[in-house]
Amino acid sequence: MRCPWFILLLLTPVAAIAILPAGAAAGAKIVPHEAKYDLKLESLKIEGFPLEAEGAMAIRLTRDCQKWETLQEIRFNVGIEGGEPISIHILTRMLEGLDGGRMEFTGWQSQDGGNRTNLKGMAAMNRDGYGGKASFQQPEETVWNLPSPTKLPMAAMQELMDALTSGRTDPQSIAFQVLGVSEVTTVTPGRAANLGKIEKGDAALVKGKSWTVDRAIYFEAIAQNDPFMIETLQIHENGVVSKFWHDYQTMVLSGELVAISELPTPEC
């Protein structure tokens, strides 16, 4: 059983985001942070197939005066109940310019300490703001055309949070997510976070107003296929994602926040 690279996308929620207080002149503000999530199999939709899955994910989002940097690490075990589990280890690094024009990404995935698969590439949007291209060097050389109104991940999230904080209930957001393209499909009122799960950091960061956001995830292009997964994000008023669900027809995986801390924002 070989775990494909797209599991990176399936197990990774959006970065935690913080919002300026209501009435502030500026819009949504993405804040540097560190977060840790417990991962587990939420439900299984195939009878007679007792799958087990669990793990953890850590994410560190920082920025300087030119770019965002996202480092994320996933350790995940999956297997048939009673059998020997497969251990998956994923490490990725993404750099995206503050202007949303260009990003670079690198990383690797290993299975049971070996069988490493590398990821490397870049994406750039056209100067006129309409579309762009993503170029992969690894795991294989290929180019994706990114039609308008696709945006890079951080730029797309900024657009989405600006829309939510302005009161819109039907925001449109399409983003290149390294190994797929996401489209926001539904936004509804959020729910209270499970404060008892926060083992480290400030649980107050997940109090207050929140939204539940559904995103359809596609391979390469929305117009060419059906989504392979529906991602649901629980985003709080200060922007922290306290829980997420990944539903890809046969099973649902979830991640729940267990540690969160804010990192300094540079003065530029």
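Modeller: Helices (H or I, at least four residues) and strands (E, at least two) are DSSP runs, numbered from the N terminus. The model is predicted, so local features need pLDDT of at least 70 and side-chain atom pairs count only at pLDDT 80 or more, while totals for chains, interfaces and linings use all residues. Residues are numbered from 1 along each chain as its sequence is written, and side-chain values use heavy atoms, with hydrogens and water left out.

Biologist: Is Thr-232 buried or exposed?

Modeller: Thr-232 is found in strand β13, residues 229-236. Buried means under 20% relative accessible area, exposed over 50%, and partly exposed in between (1.4 Å probe, protein chains only). Because its relative accessibility is 16%, Thr-232 counts as buried.

Biologist: Which side chain does the side chain of Thr-232 join in a polar contact?

Modeller: Contact means heavy atoms within 4.5 Å. Leaving aside neighbours within four places in sequence, Thr-232 is in contact with residues including Thr-212, Val-213 and Asp-214. A polar contact is a pair of N or O atoms within 3.5 Å; within protein, one must be able to donate a hydrogen and the other to accept it, and residues adjacent in sequence count only if both atoms are side-chain atoms. At 2.7 Å, the polar contact of the Thr-232 side chain is with that of Asp-214.

Biologist: How many residues has the largest nonpolar core?

Modeller: A nonpolar core is a set of buried Ala, Val, Leu, Ile, Met, Phe, Trp, Tyr and Cys residues joined through side-chain atoms within 4.5 Å. Val-213, in contact with Leu-160, Leu-164 and Thr-232 among others, is one of the residues with the most contacts inside the largest core. A second, separate core of 14 residues includes Met-125 and Trp-144. For the largest core, the value is 39 residues.

Biologist: What is the handedness of the disulfide of Cys-65 and Cys-268?

Modeller: A disulfide is a pair of cysteine sulfur atoms within 2.5 Å, and a search of the whole structure finds 1. Cys-65 is joined to Cys-268 with an S to S distance of 1.9 Å. The pair links distant parts of the chain, 203 residues apart, with Cys-65 in the loop between β2 (51-63) and β3 (67-80) and Cys-268 in the segment after β15 (251-262). Because the torsion about the S-S bond is about -90 degrees, the disulfide is left-handed.

Biologist: How many residues lie between β7 and β8 in their hairpin?

Modeller: Two strands pair if DSSP finds at least two bridges between them. Strand β7 (residues 132-138) pairs with β6 (residues 114-125) in the antiparallel sense over 6 bridges, and 5 bridges join β7 to β8 (residues 142-146), also running antiparallel. Pro-139 is found in the loop between β7 and β8, and the peptide bond from Gln-138 to Pro-139 is cis, with omega near 5 degrees. The number of residues between β7 and β8 in the hairpin is 3.

Biologist: Which backbone oxygen does the side chain of Gln-172 reach?

Modeller: Gln-172 lies in the loop between α2 (153-165) and β9 (174-176), and its relative accessible area of 55% makes it exposed. The C-alpha atoms of Gln-172 and Val-184, 12 residues apart along the chain, are separated by 6.1 Å. At 3.2 Å, the side chain of Gln-172 reaches the backbone oxygen of Asp-170.
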